[in-house]
Amino acid sequence: MRFLKKHKITRALLASFIASICLAACLVGYCLYMSVDIDKRFSSRRWKIPSTVYSDSTLLFPGQLINRSSLDEKLKRLGYREVKEYPGKKGQLQTTANAVDINLKDLNLPGRKRPGFLVRILFEAGRIKEIRHLKAANMPTENSSFENTPYENTIDILELAPEEIMLFFGAEREQRRLVAIDKVPRHLIQAIMAAEDSRFYEHFGVDPRGLLRAVYVNLKHKGIRQGGSTITQQVAKNYFLTPERTFTRKFRELLIALTLEAMYAKDEIMEIYINEIYLGQNRSVSINGFGEAADFFFGKPVSHLTIAESATMAGLIKGPNIYSPYRNPERSRKRRDFVLNSMHLKQWINDEELKTQLAEPVRTSGYTSYGKQAPYFIDYLSKQLKSLYPPEVLQSEGLSIYTTLDTQVQTAAETALEKGLQRLENNNPKLLRDDPLKRLQGAVIVMQPKTGYVLAMVGGRNYPNSQFNRITQAKRQPGSLFKPFVYLTGLDAFTPASLLSNKKRAYEFDGKTWAPENYSKGPEAPVRLRVALAKSLNVPTVDLAMQIGMDRIVDTITDFRFSTSVKAYPSLSLGSFEVIPLELARAYCVFAADGIQTHPLSLKTVRDENGKDLERRHLNIESLITPAKAFMMTSMLQSVVAEGTARSLKNRGISYPAAGKTGTTSGFKDAWFVGYTPDILALVWVGFDNGDSIAATGSSAALPIWAELIKQIPQYMSNVAFKKPPGLLTAVICTESGKLAEGRACPLITEEIFLDSNPPEQFCDLHAPKGKVGRIVDGIMSIFD
């Protein structure tokens, strides 16, 4: 019996040994299996970094007209924080009535870098008076003169950084800024350890003390109440496991942690943790990693965090939304103080540091809720980007995408459009609609004519209600907005002084009769070409078109790259065909850009996460007409503003040199205005999507929106006139006959411009039909005068 009992014990021990060997083998096998998975996960891209879309940078210079409130808002969006005292840190500013002192952030743009420095911008009479590079050690005190602060030198041009306007998120919607472990201050690492794992650099991935404590608490409560997880275990959980609380998952977490410690150095694990950990929420966007959290909560990079700020962020790990200084400032402060006391207990900070840091209030920088700015512009940009990069690249590889958007212009366009549409509805309640999808609509595009840069795009009144972009997707009749292209086509045979018939007549085509009429009744006397365009007269325009030939006008439409098909009907001359508003704006840019047509450009440069240029868009230009013809068209369109259908601009505060054209379609279905200066062009459309009448013209519906927009962006305005190119001559003409004036015989005369290739040759025979002898007599008489 004793032998049998001993034999059973031996067999049991052997079985236990074998089972232990098998279990160990299984555990080693699982660890080896996980090591392959870990290596695969960490040897490739560790994080999905959304690509960031930036606006264009902003240039400031002395003499520039400025909208001070718009500039202040821009600085705020760029993350500059107002302080009452000297702005000693980068990202701070101090304002007075006539100046702003800015401690500029570093600038890192494609092709140029600039370290931050102190600058003062002085304002006077709505302009930038001077920009000074200040001496940091000589800022004004309470008893010193603000104006007389010493400065290094004055600055001719100051560039402000682009604004972040959109992120291409993946499904997780995580935002993070990666930081290297050698850029992380030691006190932040110590704060993290004090809050989560004080023995991180001592254990092997699992802390037996913490584990035993957790086991005791969990057994006592008969469930998972305390994790006891080390930083390494948290990395294992976040990367490879689900958040469920079970003993099985906890055991797997332990094995993965041991494997991680065998494969990676402590600093590398800490760096992974610092960049991965979830620390809060900005609406629907997850704040991950201390790099992003430092900017979100304190508006600064990780390397500039104080001990108290580091403790505040380390305290978030336990409950990011519970201890958020934005949501629960007092609870956040108590948690911070706990972390500071833990750091002091570990002798990582001394008594004086503890006292000083505990006395510090929890000051956050404030934040802007994430939301896609300029949504119609972004949609337009996205279509171009997706032809270059697949969605997974945009969502994960951290590209920096620099665009042409000017956020100040975009804001002005959005505001002007909404105000204008509300004004129309208030003045005419019949325009109101209960259904948000059927409301009165409008669209605005702003471009730089010479570059094709799209500075702003508003494709509709309310993006959440309607994502249909009326600038790029709508097809609407341009009405009178097309007339300049008829007049352009005739410039080889006609001049601005040529007389056109203003007498109503009928035209036959396709067995139909069409008799155009002017919008307003008036005399049917012949009218000069310039006047006909300025007053947007229909009858003379059709007369001109028929003399030129409709086929030639169709050729002009083709040359200007309109994509919609047209037929050579007489009504074509009055814009009775559909166009895409973006193409119409592009066509008008030719007049403002000396005859050059550019491709609308929204994308400038794409850089990878290492700062290497991947895509750089260059100007795509084509010469369509001569500079002389372009200037002549601009001159005639200036007459529209000076004395024609857009003359009300003067009463709306527009005193700068400007050219433009109103447009209204049959039945008042569309109201247009396009206007430009030497530096900027804006097109405005107003109408209903279903074609209902708006009972208003381009001059009363669209023009006021254009004026409101332009007044809000004075930085693009100047009193510099349109530059006259070679190839033109000037002569004095009789306003009635349109011919060269006959001395003093013509009662009304004016100067007119002509192409060198098509000069005026005939003298007025309406007031002085005397011929050559008569002109000689006039010449002799003028001597005695």
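**Notebook: a helix pair and a sheet**

Entry 1. I looked up helix 3 (residues 186–196) and helix 9 (residues 307–316), whose axes come within 8 Å and cross at roughly 35 degrees. I note that the model is a predicted one. I recorded these two values because packed helices are described by the angle and the distance between their axes. I then checked the handedness and found that helix 3 passes helix 9 in a right-handed crossing.

Entry 2. Which residues of helix 3 and helix 9 meet? From helix 3, I listed His-187, Leu-188, Ala-191, Ile-192 and Ala-195. On the side of helix 9, I listed Ile-307, Ser-310, Ala-311 and Ala-314. I sorted the residues of this contact into seven nonpolar, two polar and no charged.

Entry 3. I turned to an open sheet of five strands, in the order 18-17-29-28-27, with antiparallel pairing. Why is one side of strand 18 and of strand 27 left without a neighbour in the sheet? Strand 18 (454–458) and strand 27 (659–664) stand at the edges and each has a single partner strand, so one side of each lacks a neighbour there. I also noted that neighbouring strands of this sheet are turned against each other by 5 degrees on average, direction ignored.

How values were computed
Residues are numbered from 1 along each chain as its sequence is written. This is a predicted model: local features need pLDDT of at least 70, side-chain atom pairs count only at pLDDT 80 or more; totals for chains, interfaces and linings use all residues. Side-chain values use heavy atoms; hydrogens and water are left out. Two strands pair if DSSP finds at least two bridges between them. Helices (H or I, at least four residues) and strands (E, at least two) are DSSP runs, numbered from the N terminus. Axes are lines fitted to C-alpha atoms, for helices over the stretch in contact, and angles run from 0 to 180 degrees between N-to-C directions. A crossing is left-handed if the near helix is turned anticlockwise from the far one by less than a right angle, and right-handed if clockwise. Contact means heavy atoms within 4.5 Å. Ala, Val, Leu, Ile, Met, Phe, Trp, Tyr, Cys and Pro count as nonpolar, Asp, Glu, Lys and Arg as charged, and the others, Gly among them, as polar.
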